Amino acid sequence: MDVRETLNLLNVAPPVGDMPVRTPIDGSEIGRVAYDTKDSLDKKIAAATAAFREWREVPAPKRGDLVRIFGNVLRDHKEPLAHLVSIECGKILEEGRGEVQEMIDVCDFAVGLSRQLYGLTIQSERPDHTMQENWLPLGPVGVISAFNFPVAVWAWNAALALVCGDPVVWKPSEKTPMTALACHALFHQAVLRYGGAHPGLCSVVHGARDVGEWLVDDPRLPLVSATGSVPMGRAVGPRVAARFGRSLLELGGNNAVVVTPSADLGVAMPSILFGSVGTAGQRCTSTRRVIVHESLHDQVFSTLTKAINGLKDRIGDPLEEGTLIGPLIDKQAFDAMQASIAATKKDATEVFGGERVLADKYPDAYYVVPAVAKMPKQTENVHAETFAPLTYVIPYATIEEAMQIHNAVPQGLSSAIMTTDVREAEYFKRHSDCGIANVNIGTSGAEIGGAFGGEKETGGGRESGSDSWKAYMRRQTSTTYFGTERPALAQGIKFEV
Ligand code: UN1
């Protein structure tokens, strides 16, 4: 784990400041950064506002050129950036690579969009009139991102915002500031190759909650895109709304896989395992619940726990080849997991795993055996998201009951059904209340091409693919009269003088 060398490869000067940054791999300090003050944030937002005045005038396909170059810079630096992601947030290197790949993919997607951003033509009710709907740049976008996808989620926002004509002011999680600096340095390289751009086009601000609040309250940011917990979203949403800003919220998930009697378990179990223990259960799309037909309850629980048992020696340093489960982000995450397990023990018939491992080797880091709880039914404890590997296996009798259990939680991000019965699959898609509903693949690991996000307490936002770009632009309806007579009024109104 050579942080300095990795930063060198990414052209990042080791940052200076007094706020320590720690790696969850062993809890050691890997550097220090300086937090922004109200004044430095104000200057960055002012620069973004100035950059907007220039950038909005650049034709969208030319804006796409910069994003294309950025995607290529990312391709050239995929390995060291993935390495830094692993070091800073603890996900295994392979998943770090996947995260950088998501950045590259969304850049490609945004480049294509830069020649689209289609509006509409609308038939007018009046003679010699045309009606159009145009999409125009919105303004500087504030992005608040979480530790668990420290670079991809910013890229989803930034690549789209940039082709839409919007500068970006990014506040990364205070747990992962170094990867943000690396992205910023790589973006700077892209700007140089592009031939220059306003320095306020992309900026990074560091800090804790207060910095986030200043950003959220700033009327110069017409859109705030925030990823994090439900309590965070509850704070952000109303504050942005109070100033009539727009927010795009990606909050908690409580994602379930429904396993029906017709499921092909050879297809189902690998997805359930990856969803439950991959990224040490720290994805917003992680599988938290397996709602399984009562005839398979014992079998699915024992297959899952046996698989996890077989992974015990694959828990460890995420940079090491062969590791499949890295550490939790910090002690707070570990304590929250232990508290959830203690509460679950009252409701569960059996709880597997959950214990801390490797404490001798890494006294300041938190590695755990993923936990699985066998539940006789879904209880109140299951309604809360625990951002750690803790999966509940819950039985159901009928598909209607499965969906009732499925939809009973307050979150609505991702869902999946394992079935070979087309009727069950279609019933599930129609009744899942989530933003994502998969068939025979798990809840996590979405591609960038689809709109990503969820309903209910997940916040309703959509990012990355499909028409998510519309959040980064403002819509304008435009009616033009090209006749020579007195123009007609709509609705046939006569106003004769
Ligand atoms: C997140 O956990 O915040 O679908 C994002 C997935 C990833 C993104 C997760 N593509 O699991």
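What follows is a friendly chat about a predicted model of a protein chain with a ligand.

Me: Hi! Which kind of model are we looking at, and how many helices and strands are in the protein chain?

Reply: Hello! This is a predicted model. The protein chain has 14 helices and 23 strands. Its radius of gyration is 24 Å, close to the 23 Å that the globule rule gives for 497 residues, so the chain is as compact as a globular protein of that length.

Me: What does the C-alpha trace span along its principal axes?

Reply: About 85 × 55 × 35 Å. As for burial, 54% of the 497 residues count as buried.

Me: And what about contacts between residues at least 6 apart in sequence?

Reply: Of those contacts, 71% join residues at least 24 apart.

Me: Changing topic: which domains does the assignment give?

Reply: The assignment gives domain 1, made of 3-251 + 459-477, and domain 2, covering 255-439. Taken over C-alpha atoms, the centres of domain 1 and domain 2 are separated by 30 Å. Their contact takes 15 residues from domain 1 and 18 residues from domain 2.

Me: Which helices supply the domain 1 side of that contact?

Reply: Helix 4 (78-89) and helix 5 each supply at least two residues of the side that touches domain 2. By class, that side of domain 1 has six nonpolar, four polar and five charged residues.

Me: OK, helix 4 then. Are its residues mostly buried or exposed?

Reply: Mostly buried: 10 of the 12 residues in helix 4 are covered in this way. They are Pro 80, Leu 81, Ala 82, His 83, Leu 84, Val 85, Ser 86, Ile 87, Glu 88 and Cys 89.

Me: What covers them?

Reply: The cover over the buried residues of helix 4 includes helix 1, strand 2 (29-33), helix 5 and helix 7 (177-194).

Me: How far does helix 4 reach, and what comes just after it?

Reply: From its first C-alpha to its last, helix 4 reaches 16 Å, close to the 16 Å expected at 1.5 Å a residue. Just after helix 4 comes Gly 90, with a positive phi of about 90°.

Me: What about helix 5, how does its span work out?

Reply: Helix 5 (residues 93-113) has 21 residues, which should span 30 Å at 1.5 Å a residue, and its end C-alpha atoms are 30 Å apart, so the two agree. Helix 5 is mostly covered as well, with 15 of its 21 residues buried.

Me: Now the ligand. Which residues are around it?

Reply: Around the ligand are Glu 102, Asn 148, Phe 149, Val 153, Thr 227, Arg 283, Cys 284, Thr 285, Ser 444, Gly 445 and Ala 446. By class, this shell has four nonpolar, five polar and two charged residues.

Me: Where does the ligand lie relative to the domains?

Reply: The ligand lies between domain 1 and domain 2, because both give residues to the shell around it.

Me: Let's pick some single residues. Where is Ile 436, and what is it in contact with?

Reply: Ile 436 is in strand 19 (residues 436-439). Leaving aside neighbours within four places in sequence, Ile 436 is in contact with Leu 413, Ser 414, Ser 415, Ala 446 and Gly 454. Ala 446 is also one of the residues around the ligand.

Me: Last one, backbone angles. What is phi for Asn 11 and Asn 440?

Reply: Asn 11 has a positive phi of about 60° although it is not a glycine, and phi of Asn 440 is near 65°, also positive. Asn 11 lies in the loop between helix 1 (3-9) and strand 1 (19-22), whereas Asn 440 is in the loop between strand 19 and strand 20 (451-452).

Me: Buried, exposed or partly exposed?

Reply: Asn 11 counts as partly exposed, with 14 C-beta neighbours inside 10 Å. Asn 440 is partly exposed too, with 15 other C-beta atoms within 10 Å.

Definitions and conventions:
Residues are numbered from 1 along each chain as its sequence is written. This is a predicted model: local features need pLDDT of at least 70, side-chain atom pairs count only at pLDDT 80 or more; totals for chains, interfaces and linings use all residues. Helices (H or I, at least four residues) and strands (E, at least two) are DSSP runs, numbered from the N terminus. The expected span of a helix is 1.5 Å times one less than its number of residues. A residue is buried if 20 or more other C-beta atoms lie within 10 Å of its own, exposed if 12 or fewer, and partly exposed in between; C-beta atoms are placed from the backbone. A residue is near a molecule or strand if its C-beta atom, placed from the backbone, lies within 6 Å of it. Ala, Val, Leu, Ile, Met, Phe, Trp, Tyr, Cys and Pro count as nonpolar, Asp, Glu, Lys and Arg as charged, and the others, Gly among them, as polar. Domain bounds come from an automatic or database domain assignment. The radius of gyration is taken over C-alpha atoms; the globule rule is 2.2 Å times the number of residues to the power 0.38. Two residues are in contact if their C-beta atoms, placed from the backbone, lie within 7 Å.
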